[in-house]
Structure formats: structure tokens, C-alpha cells
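Open the model in your viewer and keep the selection panel at hand.

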Amino acid sequence: MTVVVSDLSKSPTRIAEMFDAIAGRYDLLNHLLSAGIDRRWRKRAIQALSLTGRERVLDLCAGTADLAISAIQAQPPAARVVGVDFAHAMLRVGQEKIKQGRLSDRITLVRGDATRVPLADGAVDAVTIGFGIRNVENTAAACGEMHRVLAPGGRIAILEFAIPATPGVRPLYLWYFNHVLPRLGRLISRHASAYGYLPASVGAFASPDEFVTILRQRGFVDVAAVRLTFGIVVLYTGRRG
């Protein structure tokens with residue numbers, strides 16, 4: 001039996017309310033449900049940016065700021081990171097982590113919408129998104145905003161879940177994703193639908209080829225999609241020409 005989620009609406013208000021409701025347990029569940037591999041995925045995404053220590057980075061759909069913190073802790077690190085998300089409680093958790101890590105002088109979190117980024121044209125050298133692009137109501141508009149705020153030659157690194165294509169992996173993954181993950185997520189987060197929304201939203205999101213096409217249509221060049229961990233996650237990279 002497949003988990004059915006009747007409401008896949010991605011209105012900013014609905015998505016913000018859902019993530020705000022699970023903010024306190026979001027990091028725990030990320031690490032638990034991925035068996036800790038999520039840290040490796042974020043490290044790989046930051047490595048793809050080829051940072052030199054001078055870059056200004058925008059972390060879009062920043063959530064609890066794990067990817068923003070990864071960019072600052074990389075070797076070499078980003079010079080500064082601005083994280084943007086519309087879920088207030090998620091940003092509050094992220095702000096506390098930044099404060100504890102004494103990173104407040106290098107990471108700024110701002111409440112905002114991925115389709116209307118509160119930054120000037122060409123303001124940043126790189127853009128990252130960690131598992132948030134599928135939650136944006138207008139994917140193409142968000143990609144257009146990423147292109148707008150990037151300086152010429154600026155890079156993107158986007159992590160997103162996908163359905164693996166490998167025959168031996170696909171059925172096991174779908175069983176875990178549709179049955180085990182929603183039940184564990186519901187038990188620990190105490191939210192009735194958030195972890196049913198997760199697999200449903202992944203299934204409804206663009207395929208890797210389709211998302212690569214969207215990025216190219218929005219002006220990105222050298223776009224690539226690299227499957228990680230048997231194809232359950234895809235790292236999308238590219239640059240503004």
C-alpha cells in the first residue's frame with residue numbers, strides 16, 4: 001500500500017506552516033532517516049562550488065541552515081552566506097545553531113520567498129539549495145531568481161531527492177520511502193502529514209532530465225545532474241554564463 005497525500009499544494013503559507021510545525025525535530029529526523037548520509041551529500045554539494053575563500057553564497061530554502069554552515073566550515077570556506085527561507089521557526093532553529101557555532105558574523109538568515117529573492121542582481125557568487133526546490137510553488141521562477149542574483153560565472157549546487165532507477169534498488173527504496181519513512185517521521189515529529197508529503201512531493205517533482213532542462217531554459221550553462229547514493233539524491237550543478 002502506497003502512502004497517499006491528497007494535498008500537494010505548495011503555496012508558501014502551507015509549506016511554511018508545515019515546516020514550522022516540525023522545525024524542532026527536523027534535524028534529528030534528517031540524520032536519522034538518512035542514516036547520517038545527509039552530511040556527506042551537503043559536503044559534496046559545497047565541494048562542487050570550488051570555493052576559494054572569497055565567495056558570497058546564497059543558500060536558498062535554507063531551513064535550519066545546515067548547508068549554509070557547511071559552506072562556512074568548508075576548506076576553503078565561503079566568505080559570507082545569506083540564507084533565505086519563508087519558514088520562521090526553521091530559521092529560528094538555524095539562528096540558534098549559528099549563534100552556538102559563533103558564526104553570526106559570517107551567516108545571515110533572512111525570511112523570504114525563493115521566487116522573490118531579496119537580493120540585488122549579481123549580488124552573489126554561488127547559490128545552494130538543499131532539498132528545498134521541490135517545495136517551491138513555481139520552480140522555473142525560483143531558477144530565474146537564482147540566475148538573476150548570481151554574478152556572471154557564478155555557480156549553483158542543488159541537492160534534491162529522486163526515485164532511483166536501478167532495478168534492485170528501486171523497489172526497496174520505494175518500500176522504505178512510502179511505508180517506513182512516513183511512519184517514523186509521524187512518530188517522531190508528531191505531525192500527521194509532513195512525512196507523507198515528503199515521498200509524495202518527490203514523486204511529483206520534475207525528473208532529473210526535466211529539471212536540467214528548466215535550469216538551461218533559465219540561462220544556466222554546463223548543467224549536470226549527478227546521482228548520489230544509488231540515485232536516491234541528485235546533485236545538480238551549473239553556472240551562469
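Helices (H or I, at least four residues) and strands (E, at least two) are DSSP runs, numbered from the N terminus. The model is predicted: local features need pLDDT of at least 70, side-chain atom pairs count only at pLDDT 80 or more, and totals for chains, interfaces and linings use all residues. Residues are numbered from 1 along each chain as its sequence is written, and side-chain values use heavy atoms, without hydrogens and water.

**Stop one: the largest pocket**

Its volume is about 550 Å³. A pocket here is an open set of points on a 1 Å grid over the protein atoms alone, where a 1.4 Å probe fits, with protein on both sides within 12 Å along at least five of seven lines; lining residues have an atom within 4 Å of a point. Select Leu-33, Ser-34, Phe-161, Phe-177 and Leu-181: of the 29 lining residues, these are the closest to the centre of the largest pocket. Next, show α1 (12–33), α2 (38–47), α6 (170–189) and α7 (194–204), which each give two or more residues to this lining. α1 gives the most, with 7 residues.

Now colour the lining by class: 23 nonpolar, 3 polar and 3 charged residues. Ala, Val, Leu, Ile, Met, Phe, Trp, Tyr, Cys and Pro count as nonpolar, Asp, Glu, Lys and Arg as charged, and the others, Gly among them, as polar.

**Stop two: the second largest pocket**

This pocket holds about 280 Å³ of space. Volume means the space filled by probe spheres set on the grid points, which are joined across faces, edges and corners.

Which element gives the largest share of the lining of the second largest pocket? Select α2: 5 residues come from there. By class, this lining has 5 nonpolar, 4 polar and 4 charged residues.
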